[in-house]
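Welcome! Have a look at the model first, then follow the steps.

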2 protein chains.
Amino acid sequence: MVNIAVLGYGTVGSGVVEVIATNGARINQRVGDEINIKYVLDLREFPGDPIQEKIVHDFDTIVEDPDVQIVVEVMGGIEPAYTFVKRSLQAGKSVATSNKALVAKHGAELLSIARDNNINFLFEASVGGGIPIIRPLNSSLTADEIEEITGILNGTTNYMMTKMFYEGANYDEVLKEAQDNGYAERNPEADVEGYDACRKIAILSSLISGQQVDFEDIYTEGITQITKEDMMYAKELGMTIKLLASCKRHENHLHAIVAPYLLNQEHPLYNVNGVFNAVFVHGNVLGDAMFYGSGAGKLPTASAVVADVVDAAKHLHRNIMTMWKSDKLELLPIEDTRKRYFVRIGGEASGLREHLERDFGKVEIVKVEGLDNEFGFITEEMTERKYQANAAEFPEIKHMIRVEG
Amino acid sequence: MVNIAVLGYGTVGSGVVEVIATNGARINQRVGDEINIKYVLDLREFPGDPIQEKIVHDFDTIVEDPDVQIVVEVMGGIEPAYTFVKRSLQAGKSVATSNKALVAKHGAELLSIARDNNINFLFEASVGGGIPIIRPLNSSLTADEIEEITGILNGTTNYMMTKMFYEGANYDEVLKEAQDNGYAERNPEADVEGYDACRKIAILSSLISGQQVDFEDIYTEGITQITKEDMMYAKELGMTIKLLASCKRHENHLHAIVAPYLLNQEHPLYNVNGVFNAVFVHGNVLGDAMFYGSGAGKLPTASAVVADVVDAAKHLHRNIMTMWKSDKLELLPIEDTRKRYFVRIGGEASGLREHLERDFGKVEIVKVEGLDNEFGFITEEMTERKYQANAAEFPEIKHMIRVEG
């Protein structure tokens with residue numbers, strides 16, 4: 001029997017209990033042993049709940065019980081999660097977590113403690129919810145140099161972008177609708193400002209580089225400035241707008257960014273709609289690949305957590321190597337990255353064209369019916385530094401959105 | 001140092017050599033040891049080729065060399081691949097293969113020999129080329145009961161279906177074009193009759209059930225009967241036609257099928273175009289997920305083979321459990337499976353409507369401009385047995401295509 005303890009009986013925690021109850025026979029068959037939930041740590045009581053008897057309020061009960069071999073941390077936030085996870089690992093217990101904030105900040109250190117204790121620190125559910133992406137990066141895409149990893153990693157904002165695109169709705173309307181449907185928090189900042197996606201791309205960037213990528217170093221722009229009018233231009237261009245979290249290799253450097261992007265119809269992420277997430281990967285020999293699925297939600301996230309429990313149970317006292325050292329990776333500054341830019345600008349194209357083409361290269365003017373006295377265009381590829389310097393000459397510019405590919 | 005031998009210096013074999021040459025440093029870092037190609041088995045000589053010195057013509061040299069720890073089988077076909085792989089495993093060498101015919105036919109036995117010898121038999125590249133799907137099924141989707149796995153598993157036919165859909169081309173035209181581009185063989189039977197996809201879905205069905213699914217038991221229908229006119233109906237319906245290879249759970253039974261299907265725009269496989277492959281998975285807790293990428297080609301396939309080499313090298317003398325026993329699974333017969341059917345029928349709808357609705361339920365008539373004196377409709381959901389019995393009453397039926405979802 002393999003005894004586990006679940007820290008936190010919230011959405012994901014109760015999902016973990018439910019998944020093990022529902023698919024226990026199959027799961028035990030895969031482990032080759034019986035998975036038993038011995039404790040559930042929560043401050044609350046749950047009278048009448050099947051786990052009522054297993055509730056404990058004191059973490060020490062868990063960490064001091066030598067029978068507990070795997071700890072599932074699904075509380076979220078940095079503290080007390082960090083302390084509990086670290087103490088669990090130091091006590092020789094493997095940990096499976098869905099906590100992206102914890103992994104982004106302390107992943108390298110926790111992996112190193114796990115390695116030293118010949119156990120495992122696993123975090124499949126921290127990125128992309130139920131989508132298998134961490135384990136494929138660690139154990140499937142091992143013959144490749146990963147040159148790009150770009151994801152739609154936040155379901156709330158993707159739901160909002162999808163509604164704005166297909167229904168022509170305003171930002172404020174879709175935010176309210178997302179909140180009413182329970183897809184967005186009352187305080188939606190972590191989602192709409194891109195902070196959630198930023199933690200996740202920091203984790204993926206650390207995994208593909210094998211070094212620590214600090215999320216604070218990643219340029220992060222949310223979707224709060226995206227308007228109905230921007231979406232009208234996107235449609236006119238045969239494109240859409242998505243909040244992308246991306247890490248790309250430029251020669252010997254990586255750069256990472258979270259920002260809204262214009263995406264054309266041929267891009268595999270173009271059709272990822274609603275609350276779904278997806279991760280696009282380009283390997284130097286594999287070429288393009290994509291992983292798609294439910295990026296959040298009780299059961300999909302619990303599915304990934306329990307898969308980690310299975311893996312931990314199959315590798316008790318045997319570390320699964322993960323390349324993520326604590327030495328910090330310096331990202332290429334955003335100013336030095338090259339891309340194309342979609343620009344909305346006030347006035348008439350005719351008078352500005354010559355000046356625009358001198359600064360932004362050969363541009364094609366886009367007009368949208370109903371949006372008078374303004375137009376749009378996509379620049380040639382240039383660094384952000386050059387774009388910003390040139391854009392400063394045009395006070396008429398209303399908005400810039402980066403273009404993917 | 002981990003010594004490997006490559007059996008077959010054809011497309012995939014030379015790809016394996018190239019991937020190891022290109023990404024060797026990174027690969028060795030992941031293994032924690034140096035991967036060295038000691039032998040390449042081929043009947044031919046390759047004067048001037050970097051592997052010239054490593055070419056051997058006799059398999060015994062490899063199997064009798066105790067330094068060889070991993071054998072890469074990329075010859076294809078059943079014999080001599082089967083004999084070589086079996087002897088390698090019996091000699092205590094792990095095997096990585098891209099050979100779908102071999103895996104579909106002898107997978108259970110070869111896995112069992114590997115288990116007995118505490119080594120590994122790995123075959124990621126046998127399904128979906130570079131797309132990680134075998135390892136995710138074995139080690140990521142372990143918390144789920146997999147209720148459906150449906151793939152576009154053959155790049156040649158998907159290229160043809162895509163051309164027919166987007167360019168309105170005829171079957172014969174696109175086949176010739178695919179042959180001219182090297183996407184289809186001169187004898188295209190294995191692809192266009194669905195035999196290739198059938199082997200692959202047999203492997204996936206075996207993995208999700210943990211039992212032997214014989215490919216001969218899988219109803220297999222290719223794309224040779226799909227016409228330009230069928231695609232016109234698909235467009236009119238807002239759908240497309242794809243060759244799907246699918247395995248679904250119906251209560252306690254699995255059924256598997258390879259056939260052209262009508263697919264609506266909301267299905268994640270709808271946008272998988274050209275030579276790309278994708279695998280859609282539905283788990284009882286995970287929900288929907290999809291894996292997408294290059295299903296064939298020298299380097300993507302070699303990427304998957306080398307990832308297996310990395311895994312084998314990290315698990316020398318330690319078996320990675322794969323649930324696939326040799327006891328045969330009885331599939332639900334196709335007659336008992338329920339679905340909807342698109343039917344093209346000669347004549348005018350008005351006269352037949354009452355009779356049609358009595359047999360096929362409430363149907364919506366579809367007419368396509370330019371196709372006079374015929375119409376189409378989609379039946380309500382019913383078993384194939386009932387459909388076939390009812391269809392026998394209508395000699396006017398020209399063609400039936402199954403509908404997914």
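**Exercise 1.** Find which residue of E6(B) stands opposite Val95(B).

*Solution.* In E6(B), the residue opposite Val95(B) is Phe121(B). Before going on, note that this is a predicted model, where local features need pLDDT of at least 70, side-chain atom pairs count only at pLDDT 80 or more, and totals for chains, interfaces and linings use all residues. Residues are numbered from 1 along each chain as its sequence is written, while chains are lettered from A and ligands numbered from 1 in the order in which they are written.

Step 1: the element names. Helices (H or I, at least four residues) and strands (E, at least two) are DSSP runs, numbered from the N terminus.

Step 2: the pairing. E5(B) and strand E6 (residues 121–122) of chain B run parallel and are joined by two bridges; strands pair if DSSP finds at least two bridges between them.

Step 3: the link. E5(B), helix H4 (residues 100–116) of chain B and E6(B) form a right-handed β-α-β unit. Right-handed means that, with the strands pointing away from the viewer, the path from the first strand over the helix to the second runs clockwise.

**Exercise 2.** Is Gln69(B) buried or exposed, and what does it touch?

*Solution.* Step 1: Gln69(B) is found in strand E4 of chain B.

Step 1: Gln69(B) is buried, because 23 other C-beta atoms lie within 10 Å.

Step 2: leaving out residues up to four places away in sequence, Gln69(B) touches Val2(B), Asn3(B), Lys93(B), Ser94(B) and Leu316(B). Contact here means C-beta atoms, placed from the backbone, within 7 Å.

**Exercise 3.** Give the strand order of the open six-stranded sheet in chain A and find its edges.

*Solution.* Step 1: the order is E3-E2-E1-E4-E5-E6 (chain A), with parallel pairing.

Step 1: strand E3 (55–56) and strand E6 (121–122) of chain A stand at the edges; each has a single partner strand, so one side of each is left without a neighbour in the sheet.

Step 2: in chain A too, Val95(A) stands opposite Phe121(A) in E6(A).

**Exercise 4.** Describe how chain B meets chain A.

*Solution.* Step 1: 43 residues of chain B are in contact with 44 residues of chain A.

Step 1: on chain B, the elements giving two or more residues to this side are helix H1 (11–31), helix H5 (134–140), strand E12 (287–294) and helix H11 (298–314).

Step 2: strand E12 (residues 287–294) of chain A pairs with E12(B) in the antiparallel sense over five bridges. The bridge partner of Phe291(A) is Phe291(B).

How values were computed
Contact = placed C-beta atoms within 7 Å. Buried ≥ 20, exposed ≤ 12 C-beta atoms within 10 Å, placed from the backbone.
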